[in-house]
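Good morning, and thank you for coming. I would like to take you through one structure, step by step, and I ask you to keep it in view as I speak.

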Amino acid sequence: MKSDLEIYEHANLIISAISKEISQKYQELNGGDLKVSWHESIAFNAYAHIKNEKNQTPDHAVGLHYELARKLYHDCVEFYEFINIDSVANNLQNLPEFILHFPTGIDKDAAIDYMFVASFSWVFFHECGHLSQGHKFVRSEYLNNEKYTHDQIHESTSSESRKLSEEESLISHVTEFAADYHATLMGISGLIHNCLHSDIQISHTDKVDLVLKINTLYLLGINLVFYNFHEKFFTECNFEFTTSHPHPLLRVGRLITLNIEYFDLINNSNFFNHKFDKLHLTTVGADCSILAYNYWCWSRNLILDIDNSHLGINDYSNPNLLQYYNRIITAWDKVLPTIDLLFDHEEVYLMVFSKQFRTLTRNDQITNNPRE
Ligand SMILES: [Zn+2]
């Protein structure tokens with residue numbers, strides 16, 4: 001196990017490599033600048049800071065706390081230990097339709113490292129999403145609130161006790177989902193790219209197997225991020241707009257959906273020369289969420305029995321869930337023109353809702369609108 005100092009050095013190396021590439025993109029697109037600032041104060045936090053005014057050359061910074069790296073790494077280690085407890089493994093296999101086996105053929109240190117790299121870089125990509133899409137300007141324009149003109153966007157505020165107004169919360173949720181989308185797509189496309197272009201000489205079948213294994217570790221790592229940021233709120237979900245960030249289980253649901261949609265794109269593009277099984281990916285996504293959720297409850301002494309009841313929150317037959325997403329989609333469509341007018345960004349990372357999903361949420365609005 002790494003010492004705290006080793007974790008900080010490791011985190012620094014990961015971000016240095018990634019940010020170098022992204023900084024170059026900033027230069028090419030806008031002549032702008034992206035910096036990273038590290039903080040020693042003990043806070044599980046990251047933030048996005050846009051220093052320039054609207055319509056000026058981007059002067060952006062991602063703030064990262066060393067504590068974020070330390071806590072995430074320790075969670076990955078403890079999570080690995082959790083899934084290897086005999087009673088846990090037995091109880092998981094008794095859950096209906098649970099098929100996930102923790103990736104084999106990857107040793108303990110490598111598995112922990114994959115999860116850590118996935119989770120930590122995902123947070124960085126999430127902040128890049130806030131920056132490159134100018135969410136600060138979206139928030140200030142649509143909330144007409146001076147506070148948002150100067151504020152940095154902090155992730156630790158997800159557990160703050162102050163209740164936001166419904167409008168503040170809605171705009172905050174939609175920009176958080178957009179940053180999640182940006183981060184998830186950047187992470188997963190980097191993963192596939194690295195597998196395709198790795199120097200390791202392995203057969204195509206083994207490469208497909210490797211992609212699936214790494215995808216599993218990737219999903220597990222990101223699940224742990226969501227729970228860490230929402231420690232105070234994660235047990236109940238009332239689909240109300242009162243918080244700064246969406247409920248972690250809703251973020252998990254979007255993560256699984258986006259993961260499947262991305263593999264769908266790969267299937268349709270033929271560039272991997274393999275058709276990934278959609279049903280299998282769906283089940284693996286749900287199983288990752290079961291593992292991470294139960295780990296979180298176990299590690300925080302919240303429940304003792306392994307279960308999968310939390311999956312019900314993302315049940316699309318729930319009218320409250322559909323109503324929630326209907327409002328998210330409507331708000332996203334409203335703010336998108338503002339984002340488009342801001343500095344150049346990479347279109348591919350802009351959040352998209354599928355036609356089927358839009359239809360599903362609209363139907364619900366007609367029959368189940370609680371305000372009618
Ligand atoms: Zn955020």
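I shall speak about helices first, then about individual residues and the loops. Please bear in mind that this is a predicted model.

Let us begin with helix H2, which runs over residues 66–83. H2 has 18 residues, and from its first C-alpha to its last it reaches 26 Å, close to the 26 Å expected at 1.5 Å a residue. Which residues of H2 are buried? They are Leu 68, Ala 69, Leu 72, Tyr 73, Asp 75, Cys 76 and Phe 79. These residues cover an arc of only 160 degrees around the axis, which puts them on the same side of H2.

What do the buried residues of H2 pack against? Their partners are helix H1 (4–30), strand E2 (46–50), strand E3 (59–65), helix H4 (108–132), helix H8 (204–229) and helix H10.

I turn now to the pair formed by H2 and H10. In general, two packed helices are described by the angle between their axes and the distance between the axes. For H2 and H10, which spans residues 278–299, the angle is about 100 degrees and the axes are 10 Å apart. The angle makes H2 roughly perpendicular to H10, because values from 65 to 115 degrees count as roughly perpendicular. On the H2 side, the contact is made by Glu 78, Phe 79, Phe 82 and Ile 83. On the H10 side, it is made by Leu 291, Tyr 295, Trp 298 and Ser 299. Sorted by class, the contact of H2 with H10 has 6 nonpolar, 1 polar and 1 charged residues. Note that Phe 79 is listed among the buried residues of H2 and also takes part in the contact with H10.

H10 itself has 22 residues and reaches 31 Å from its first C-alpha to its last, close to the 32 Å expected at 1.5 Å a residue. Following H10 is Asn 301, whose phi is positive, near 55 degrees.

Next, helix H4. H4 has 25 residues and reaches 36 Å from first C-alpha to last, close to the 36 Å expected at 1.5 Å a residue. How many of its 25 residues are buried? The number is 21, and H4 is therefore mostly covered, because a residue with 20 or more other C-beta atoms within 10 Å counts as buried. Leu 131 lies in H4, and with 25 C-beta neighbours inside 10 Å it counts as buried. Leu 131 touches Ala 48, Ile 50 and His 60, leaving aside residues up to four places away in sequence. Leu 131 and Tyr 47 are 84 residues apart in sequence, and their C-alpha atoms are 9.7 Å apart in space. Just after H4, Gly 134 takes a positive phi of about 60 degrees.

The C-alpha atoms of His 154 and Ala 46 are separated by 6.1 Å, although the two are 108 residues apart along the chain. His 154 is partly exposed, with 17 other C-beta atoms within 10 Å.

Finally, the loops. Most residues other than glycine have a negative phi. Asn 55, in the loop between E2 and E3, has a positive phi near 70 degrees. Is Asn 55 buried or exposed? Asn 55 is exposed, with 9 other C-beta atoms within 10 Å. Phe 239 lies in the loop between H8 and helix H9 (248–269). Although Phe 239 is not a glycine, its phi is positive, about 60 degrees. With 17 C-beta neighbours inside 10 Å, Phe 239 counts as partly exposed.

Phe 353 is partly exposed, with 18 other C-beta atoms within 10 Å. Apart from residues up to four places away in sequence, Phe 353 touches Ile 329 and Arg 358.

Thank you for your attention.

Methods. Residues numbered from 1 in each chain as written. Predicted model: local features only at pLDDT ≥ 70, side-chain atom pairs only at ≥ 80, totals over all residues. Axes fitted to C-alpha atoms, helices over the stretch in contact; angles between N-to-C directions. Helix = DSSP H or I, 4+ residues; strand = E, 2+ residues; numbered from the N terminus. Parallel < 35°, antiparallel > 145°, perpendicular 65-115°, else oblique. Contact = placed C-beta atoms within 7 Å. Nonpolar A, V, L, I, M, F, W, Y, C, P; charged D, E, K, R; others polar. Expected span 1.5 Å × (residues − 1). Buried ≥ 20, exposed ≤ 12 C-beta atoms within 10 Å, placed from the backbone. Arc of directions from axis to C-beta.
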